[in-house]
Amino acid sequence: MAMDAVWTVLTVTAVVWAAATGRMGQVSAAALEGAAAGVQLCLSLAGAVCLWSGVMEVLRRCGLAEKLAGLLRPVLGRLLPKASANPDTLAALSGNMSANLLGLGNAATPLGMEAACAMAEGCGGRASDELVRLVVLNTASIQLLPTTAASLRAALGSAAPLDILPCVWVSSALSVAAGLLAARLLEGVWR
Amino acid sequence: MSDYVVPVLLAGAALYALARRADVYAALTDGAAEGLKTVWRIFPSLVALLTAVYMFRASGALDSLTAWCAPALGWLGVPPETAGIMLVRPVSGSAALAVAGEIMAAHGPDSAIGRTAAVMLGCSETTFYTVAVYFGAAKIRRTRHTIPAALVADAVGFLAAAWTVRLFFP
């Protein structure tokens, strides 16, 4: 759905704009150039993405995910007190957060969905304050190593792809704090 | 300093795995296979979206969009060239990747614009997709203030991306 809109808006605007400004020749060439650039970008991304996924898998198998989950429990108890009262939900929540921190999206989503389903039980299709908080936490990514952004920089020839780490940490922290604050302020208004 | 991150992390993971008697090489290659699946999955979307992004840029529409956004974004201290990322990031992860890749290729990955684009990508998620997945699974119809709060988080993340890059890379 959303992708239909993105693709349609981009291509239709490009064609209308090109017709209006007489740049159809460039647009025609750019279409094929773009397709080739997509293949190139994917190939140059592949190495870094595979390496990072491998490293994260090593850290996960060493039990780092469980360790992180243990550290997160007290924080979650504060942030989502009702959901954390149930031990199963707390386990899913802390697993979800620690996988997010390690950038393991494939592991984070099923655990988050499990927690969300448990938290939504008996609320008749209306999101509770805590469920909104959980979803906001998941839409504002907190990642220790932003591997995709770093891989993209490496693929395009950056001298030090990871030098953005402090910027990403500060920006993610501010973004999460703002999201949670906004949720807290709006939860009384939006019933 | 950041020269040390990658080599030390790789060697450290190996030693940590050795200490915990985990199978480091098998874990590394299994993880890499998982990464290859990710690349394979985004391959068709990257080809399609870069086609659209290149067309959009060649038509001159991207320059006009940047020029329109420039006064407001300039006032906020955000490079106007990153407007495209901010528009597509909440909707599509691979479109954001395509737009960020195009920006970095045009301005250089180590320029202020390129760095801001990377931080914007790293500090945010595909908001609408995430909301749809979680509320779809939990059968929630009344999402209340989720979308506004999540978009506030995205906006603050984007602003912080521009400001932290200016602060840390003067």
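## Overall architecture

Chain A contains nine helices and zero strands, where helices (H or I, at least four residues) and strands (E, at least two) are DSSP runs numbered from the N terminus. From its N terminus onward, the order of elements in chain A is α-α-α-α-α-α-α-α-α. Chain B has eight helices and zero strands, and its pattern along the sequence reads α-α-α-α-α-α-α-α.

The model is predicted, with local features requiring pLDDT of at least 70 and side-chain atom pairs counted only at pLDDT 80 or more, while totals for chains, interfaces and linings use all residues. Residues are numbered from 1 along each chain as its sequence is written, and chains are lettered from A and ligands numbered from 1 in the order in which they are written.

## Dimensions and burial of the chains

For chain B, the C-alpha atoms fill a box of roughly 55 × 45 × 30 Å along the principal axes.

Of the 191 residues in chain A, 52% are buried, and of the 170 residues of chain B, 52% count as buried. A residue is buried if 20 or more other C-beta atoms lie within 10 Å of its own, exposed if 12 or fewer, and partly exposed in between, with C-beta atoms placed from the backbone. Among contacts with a separation of 6 or more, residues 24 or more positions apart account for 60% in chain A and for 60% in chain B, two residues being in contact if their C-beta atoms, placed from the backbone, lie within 7 Å.

## Helix α2 of chain B

Helix α2 of chain B covers residues 24-58, and its 35 residues reach 47 Å from the first C-alpha to the last, close to the 51 Å expected at 1.5 Å a residue; the expected span is 1.5 Å times one less than the number of residues. Within α2(B), a kink of about 35 degrees lies at Phe43(B), shortly before the proline Pro44(B), the bend being the angle between axes fitted to the seven residues ending there and the seven starting there. Just after α2(B), Gly60(B) takes a positive phi of about 90 degrees.

## The interface and the nonpolar core

In the interface, 88 residues of chain B are in contact with 88 residues of chain A. Helix α2(B) gives the most to the side of chain B that touches chain A, with 25 residues.

In the largest nonpolar core, which has 121 residues, Ile85(B) and Ala100(B) touch the most other members, and α2(B) gives the most to this core, with 16 residues. Such a core is a set of buried Ala, Val, Leu, Ile, Met, Phe, Trp, Tyr and Cys residues joined through C-beta atoms within 7 Å. Leaving out residues up to four places away in sequence, Ala100(B) touches Leu152(A), Ile85(B), Ala117(B), Ala118(B) and Leu121(B).

## The surroundings of Leu156(A)

Leu156(A) sits in the loop between α8 (147-155) and α9 (165-186) of chain A, and it is buried because 22 other C-beta atoms lie within 10 Å. Apart from neighbours within four places in sequence, Leu156(A) is in contact with Gly101(B), Met104(B), Ala105(B) and Pro109(B). Leu156(A) and Leu45(A) are 111 residues apart in sequence and 8.8 Å apart in space, C-alpha to C-alpha.
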